[in-house]
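Biologist: Hi, can we walk through this one together? I'd like plain answers, please.

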Protein chains: 2
Amino acid sequence: MVDMSPSSLSTYPRPSVAVDVALLTVGAATDADPAQRLKVLVQQRTSTPRGPVLPGRFVREGETFADAVAATFSEKVGLDIGGAEPRLLGMYDDPQRDERGWVLSALHVLALPSSMLEGIEGQLLAVDAEGHLADGRSLEFDHDDMLISAVRRMRRHYEESPDPYRLLGDTFTLGQLRDLHEGVLGEPLLKDTFNRRMKQYLTEKLVGGEPVREHETGGRPALVYNRTKDGTLTERERRRLLLPRR
Amino acid sequence: MVDMSPSSLSTYPRPSVAVDVALLTVGAATDADPAQRLKVLVQQRTSTPRGPVLPGRFVREGETFADAVAATFSEKVGLDIGGAEPRLLGMYDDPQRDERGWVLSALHVLALPSSMLEGIEGQLLAVDAEGHLADGRSLEFDHDDMLISAVRRMRRHYEESPDPYRLLGDTFTLGQLRDLHEGVLGEPLLKDTFNRRMKQYLTEKLVGGEPVREHETGGRPALVYNRTKDGTLTERERRRLLLPRR
DNA sequence: TTAATAGTGTCTATAAGACAATATATA
DNA sequence: TATATATTGTCTTATAGACACTATTAA
């Protein structure tokens with residue numbers, strides 16, 4: 001803990017502190033590419049260098065980091081992130097990382113369902129399972145590293161909980177959940193093993209004592225599940241949720 | 001990413017940024033208490049409030065967080081942390097958390113073997129497995145929360161790797177490794193299951209083609225292992241390292 | 001009918017969890 | 001010898017991984 005003497009807050013220079021945000025989404029499938037894909041929201045810089053970057057902004061007095069993240073999207077992208085909670089991934093604290101001076105960056109990861117990103121699809125770039133841009137391009141500054149660690153963190157979270165980033169709403173089918181996980185992991189999963197394990201942590205949605213089914217899929221209607229047990233996993237349960245791969 | 005206009009760094013007030021550090025160790029066993037115990041290094045404040053706090057210090061221009069952590073201990077405790085790497089756990093960013101003004105705190109966790117803390121045992125307080133002080137006391141400010149999250153993080157890391165904080169030196173026996181894990185987890189482990197799993201990620205120390213044994217234990221001499229595979233676990237292996245409990 | 005998706009049955013290999021036995025040292 | 005610790009053997013249970021099968025819808 002720091003010194004309490006009255007002068008202690010003014011003795012030394014202070015850094016500028018910014019938030020940078022990897023806003024990830026799992027995009028809707030297309031005819032050409034039936035699998036769901038991970039995408040990241042980028043900004044095109046208007047000054048040099050002109051490459052894409054993760055959105056960000058300085059933190060202002062009276063704001064939390066979460067406030068600054070929400071403000072970044074409302075001011076720079078015109079996007080309301082609603083109740084989504086950005087997660088701090090790490091601090092970029094190399095004193096030389098910004099040529100303008102001493103700038104710390106707080107990297108956050110945030111995920112939103114693609115339905116909340118309609119109208120700004122042009123700012124979404126596909127990302128592979130390791131966190132590299134699918135088209136082989138690079139982000140400016142140290143943002144390539146940031147994206148890689150964001151994707152890694154999100155993948156890990158999805159290995160431990162059914163839908164920690166709440167990309168699916170309050171009810172969903174196992175097929176929707178599996179599509180989401182395959183998008184996050186970037187690889188196909190075993191249907192039966194996945195379903196059996198996930199069912200341990202979900203409860204069927206009941207109306208009048210009868211299970212609810214989803215009829216939009218084209219095949220046999222799927223049972224609908226609630227997210228109820230999310231976040232209430234025991235330590236023992238958490239371990240078992242690590243996902244099977246093909 | 002932030003604006004590049006020349007005025008952007010001076011437009012807004014900047015926060016003071018401090019590091020606070022939960023320095024954890026697994027204390028040597030005593031006669032009264034044969035089990036190893038988790039302990040944390042605290043400072044006794046000289047001004048009010050006078051309770052114990054985690055050591056910390058403002059970050060100065062040109063320093064990384066790691067630099068500031070090392071400086072905290074060399075200046076305030078007279079301790080050289082050597083090559084140990086502090087890990088950032090999170091940022092405490094509530095604008096109201098410090099009555100002196102806008103102070104962000106970067107909480108770090110760091111672990112050192114108890115052999116490096118000789119002479120300052122008086123500043124070590126026992127901690128239970130949840131991260132509460134064993135004597136029921138509280139730390140000042142928001143440092144109780146910090147300690148809880150530090151212990152949780154350390155415990156999780158030890159569930160995923162044999163000795164991620166390098167508390168054991170380059171060679172060790174399975175008994176030493178088990179004592180360490182029991183100290184970190186705060187509960188006994190199954191000896192045979194623990195050994196079998198850990199052996200997958202360790203290699204026996206060989207001299208002249210013969211395995212080396214440790215004769216200090218009083219019973220049958222134990223095989224000595226190297227840490228060689230630490231940090232080189234595959235994803236598949238990492239999952240299997242989660243530990244069995246009694 | 002066919003196609004598509006949902007869901008179940010079952011087998012094998014692996015490992016956790018548990019208990020017991022054996023091995024090798026010191027006092 | 002007794003005692004302490006290390007190490008191995010083995011049994012049961014659980015489950016991942018894999019494959020095949022059945023079920024229920026739409027077109």
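Biologist: Before I go on, what am I looking at, and how are things numbered?

Modeller: This is a predicted model, where local features need pLDDT of at least 70 and side-chain atom pairs count only at pLDDT 80 or more, while totals for chains, interfaces and linings use all residues. Residues are numbered from 1 along each chain as its sequence is written, and chains are lettered from A and ligands numbered from 1 in the order in which they are written.

Biologist: OK, so where is B:Gly78 found?

Modeller: In the loop between α1 (65-76) and β6 of chain B. Helices (H or I, at least four residues) and strands (E, at least two) are DSSP runs, numbered from the N terminus. B:Gly78 and B:Glu61 are 17 residues apart along the chain, and their C-alpha atoms are separated by 22 Å.

Biologist: And B:Arg156, which helix is that in?

Modeller: B:Arg156 sits in α2 (residues 143-158) of chain B. It counts as partly exposed, because it has 13 C-beta neighbours inside 10 Å. The C-alpha atoms of B:Arg156 and B:Val184 are separated by 9.5 Å, with the two residues 28 apart along the chain.

Biologist: Which strands does β1(B) pair with?

Modeller: Take β7(B) to begin with: β1(B) pairs with β7(B) in the parallel sense, over nine bridges. Two strands pair if DSSP finds at least two bridges between them. In that pairing, B:Leu24 stands opposite B:Ala111. β1(B) also runs antiparallel to β5(B), joined by three bridges, and there B:Asp20 stands opposite B:Gly56. Then there's β2 (residues 37-41) of chain B, antiparallel to β1(B) with four bridges; B:Thr25 has B:Lys39 as its bridge partner in β2(B).

Biologist: Where do the side chains in a strand point?

Modeller: In a regular strand they alternate between the two faces of the sheet.

Biologist: Now the two chains. How many residues of chain B are in contact with chain A?

Modeller: 39 residues of chain B, and they meet 39 residues of chain A. Contact here means that the C-beta atoms of two residues, placed from the backbone, lie within 7 Å.

Biologist: Which strand gives the most on the chain B side?

Modeller: β1(B), with four residues. That side divides into 21 nonpolar, eight polar and ten charged residues. Ala, Val, Leu, Ile, Met, Phe, Trp, Tyr, Cys and Pro count as nonpolar, Asp, Glu, Lys and Arg as charged, and the others, Gly among them, as polar.

Biologist: Why do you say the copies meet through the same surface?

Modeller: Because 100% of the interface residues of chain B are also interface residues in chain A.

Biologist: What about the largest nonpolar core?

Modeller: That core has 100 residues, and A:Ala22 and B:Ala22 have the most contacts inside it. Such a core is a set of buried Ala, Val, Leu, Ile, Met, Phe, Trp, Tyr and Cys residues joined through C-beta atoms within 7 Å. Not counting residues up to four places away in sequence, A:Ala22 touches residues including A:Val40, A:Leu54 and A:Met146.

Biologist: Last topic: how is chain A divided?

Modeller: Into domain 1 (15-158) and domain 2 (171-240), with bounds from an automatic or database domain assignment. Their contact takes ten residues from domain 1 of chain A and nine from domain 2 of chain A. α2(A) supplies the largest share of the domain 1 side, three residues. As for chain A overall, it has five helices and 14 strands, and 35% of its 246 residues count as buried.

Conventions. A residue is buried if 20 or more other C-beta atoms lie within 10 Å of its own, exposed if 12 or fewer, and partly exposed in between; C-beta atoms are placed from the backbone.
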